[in-house]
Amino acid sequence: MSENNFVEILLVEDNPQDLELTRRALRKGNLTNNIHVARDGAEALEFLFCEGAYATRKPEGGPKLILLDLKLPKVDGLEVLKRVKGDPRTKTIPVVVLTSSKEQNDVVESYHLGVNSYIVKPVNFERFAEAVRDVGMYWLLLNLPPVEK
Amino acid sequence: MKRVLRPPRLTKRNRVATRDAQASGRGNDIGAVIGIGERSRPDDELKASLKEIIDLKAALDEHAIVAITDPQGKITYVNDKFCAISKYSRDELLGQDHRIINSGHHPTEFIRDLWTTITHGRVWQGEIKNRAKDGSFYWVDTTIVPFLNEEGKPRQYVAIRADITERKQIEEKLRASLREVGDLKAALDEHAIVAMTDPQGRITYVNDKFCAISKYSREELLGQDHRIINSGFHPTEFIRDLWMTITHGQVWHGEIKNRAKDGSFYWVDTTIVPFLEEDGKARQYVAIRADITERKKIEEQLRTSLREVDDLKTALDEHAIVAMTDSQGRITYVNDKFCEISKYSREELLGEDHRIINSGFHPTEFIRDLWTTIAHGQVWHGEIKNRAKDGSFYWVDTTIVPFLNEHGKPRQYVAIRADITDRKRVQEAEAQLAAIVESSDDAIVGQDLHAVVTSWNAGAEKMFGFTPGEMIGQPMTRIIPPDRLDEEVKILVRVRRGESVGHFETQRVRKNGKLIAASVTVSPIRDAEGNVVGASKVARDITERKQTEGEIRKLNIELEHRVIQRTTELETANKELEAFSYSVSHDLRAPLRAVDGFSQAVLEDFGAQLPEEGRHYLQTIRSGAQKMGALIDDLLAFSRLSRLPLNKREVDSARLVRDTLDELGYPLDARKIEMRIADLPPCLADAALLKQVWLNLLSNALKYTRQREPAVIEIGCTREPVSARGFTGAANGNAENIYFIRDNGTGFDMRYAHKLFGVFQRLHRADEFEGTGVGLAIVQRIISRHGGRVWVDAALDRGATFYFTLGEDPKL
């Protein structure tokens, strides 16, 4: 069960259609296992820091990658990013911003806060799927994360 | 002139007479003479003697006038010469006595003495003046020898004469000359100082006047040389020259200063004449002098006076402007200073009258008064304004002195002037300044250090209501409100230290008690030594200005308020626009992604169950969604252009073009494209934005040449003078780089060129060439944000050329 409980990807997305399309894209890239979805920033933070509804969760249970939308209810994506990269417990987790925003401000701010990749969701689904698949492949399979002590 | 012969000569004569006696045998009168003495000689010896005697007689006859008389004085023989000189024939003479030729010249004693001598048997010799037959006189040097008989009585007389008429005449003349010379010498001695010296310079003769002037006696002078009277006044060269002249036989003339015995000096005008021997050596020198001591003294005085006058004139010329005019007023003399100030040359002035420099400034009465004064022989003094040749004016302080002739009428006028132009200018400036002060609207007042008013202009009267009479001598505090007195005291302290206090705004009180706002400037007044002795105050009534200022301030505040309000509104609008863009960017695309994504999902998951038509519709939905996505992206990109700041730096255009082509996938495998890229100069631009320009233009070129085989795309840059195209704005002012991209594509009709750069404007249908119609709008926005221009030249089916400039040439 611990194997099953381990979360590979935390997907933070409030839009149900985008959520479904992202899941579909990940599935097409064979990255379907152990995806946890947070529907807003607050939930994402609770999950990551094992607080609130996730108080019982163990920090060792992942995720290995965070896919983060920026425009989120309650706590927005940049705030989530800031908390993740500002906390020693979570700062080594790769964060990929997956957003509709091409705003340069968002891009610059994200990189300032330590984002690992910034992906603009294309309208064309094939290209969207391709992008999601590439990101998942890269960060989960090719990238070598530091070994925690 | 009678001479008595000495006895030895008498003896010789006697011997001759003896020889004569020996020849008497020849039967003539001479023979009778010869008969005397030496009869005892032998015959041949006698013959020889006789011959000798005959020869002698012939020679004598040839040479001398010979006559023989008997003891009674009757002429018994005359020779030819006797006849010739006496102009009597022999016949007329023989038997006559000598009275026939007596001139009556000699006194009786002379004749008696002659007869006494010869009758006593002695030879007589003398000079006798005779008269010829024609009455003319002649002189003969005469020797009469008596020949004696045995008794010792004269037997006959032989007279031998020589013609000395000529000599006598010369003697006569010489005597007359000597007499004259004697007279001249006497006269000279009377008149001049005369001295003679021998060749050695020793004085051999001095006359009385020499002694008188030199105060030496003749004895003291004779044998001395002239150094005895040397004054030491003349230089050695002078003396040397004198001696050189006279020793070379030339006359010297000059003036010499000598010293008398008593040490006093005297001047003599001196002529020294050297008298020479035949060998040219000086025999003696005669010096003739005239006493010019008095003249010398006068000359010296005159010279001194002249020098003084000359010095005075030089000094005057140096100092003053001098002119002289004749009685008619014509200029006869001007000095350099006159020419300098009037700017006329001397030639232009001489002969003119003073109207040449008349400025026209002085009234007729002034000029008339001047002339009346000087024409009456009185000195005129005044200040005159003249005009120089170049039209400029100058002032001269003038004194005109008339000089009168013996009739008391002006003979000439001497005008002495001093340039007072500067002083006059200062006076004029001062007068003008006073007029300005008086006419000023500002109150200009003076006060002493105790705040007592010393001057009060019309402006002050107008501003404060007090007349000068009411204020001068009164304390300045009358116009200062009590609550401003402290301020006044502080200002006066600063003024006493020499400081000025400029444009401070305060209040003053009018005579009617009304307060006015005033701007006051206070400056120290200094005396000639620089000590502060008072203060000048310039006050301006700013009551009105103050009110206006108040209104302006109020308006300004309102305006600022309004600006702030508008700015806030604008900022709000901007924020809203940004939020709108953000939401468009983020929210609008999400549904499109859903439309596209789920259409795709349907096709993937249920495509097999759908009819062909159903699948086509889904594809159409998808392309519509994608098209809208592209539109949104372009629109966002376009709106972002206006918001982002430009980041200009040097851009390598050539490289930028290559990178852009790479990004566009060039070279495209499927197409044959001839790409000509010329050397592109670097430029100053925002690299990211400029890349957008190239991206749009290059993709357009590739797109619209799709049907060309081969497609030809030319990229280049020309440099053209800005003015030639009638544009301005290039930074260097005369030339700019024009980048261009030319293709041989479909081109377009230039009638629609104005639409080309508008947003969403397209000149081709979407089924011909895809596109959103935003690309060229972006190009234009970027170019205009750089300050450049973009334009196009095209023809339908014949390609298009896009040109753009970047407004600013790189300084490369």
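**Cavities and a helix pair**

Q: How much space lies in the largest cavity?
A: About 70 Å³ of space lies in the largest cavity, a cavity being a set of points on a 1 Å grid over the protein atoms alone where a 1.4 Å probe fits but cannot get out, with the volume filled by probe spheres set on those points. The model is predicted, so local features need pLDDT of at least 70 and side-chain atom pairs 80 or more, while totals for chains, interfaces and linings use all residues. Residues are numbered from 1 along each chain, chains are lettered from A, and side-chain values use heavy atoms.

Q: And how many cavities of 30 Å³ or more are there?
A: The structure holds 2 of them.

Q: Which residues line the largest one?
A: Its lining (residues with an atom within 4 Å of a point) consists of Ala443(B), Val445(B), Phe464(B), Ile479(B), Arg508(B), Val520(B), Lys537(B), Val538(B) and Ala539(B). By class, 7 are nonpolar, none is polar and 2 are charged, with Lys and Arg counted as charged and Ala, Val, Ile and Phe as nonpolar.

Q: Which element gives the largest share of that lining?
A: Strand S21(B) does, with 3 residues; strands are DSSP runs of E, at least two residues, and helices runs of H or I, at least four.

Q: Changing topic, at what angle do H2(A) and H6(A) cross?
A: Helix H2(A), residues 16–28, and helix H6(A), residues 125–142, cross at roughly 65°, and their axes come within 8 Å, these being lines fitted to C-alpha atoms over the stretch in contact, with angles from 0 to 180 degrees between N-to-C directions.

Q: Which residues make the contact?
A: Leu21(A), Thr22(A), Arg24(A), Ala25(A), Leu26(A) and Lys28(A) of H2(A) meet Phe125(A), Phe128(A), Ala129(A), Val132(A) and Arg133(A) of H6(A), contact meaning heavy atoms within 4.5 Å.

Terms used. On a 1 Å grid over the protein atoms alone, a cavity is a set of points where a 1.4 Å probe fits but cannot get out, and a pocket is an open set with protein on both sides within 12 Å along at least five of seven lines; lining residues have an atom within 4 Å of a point.
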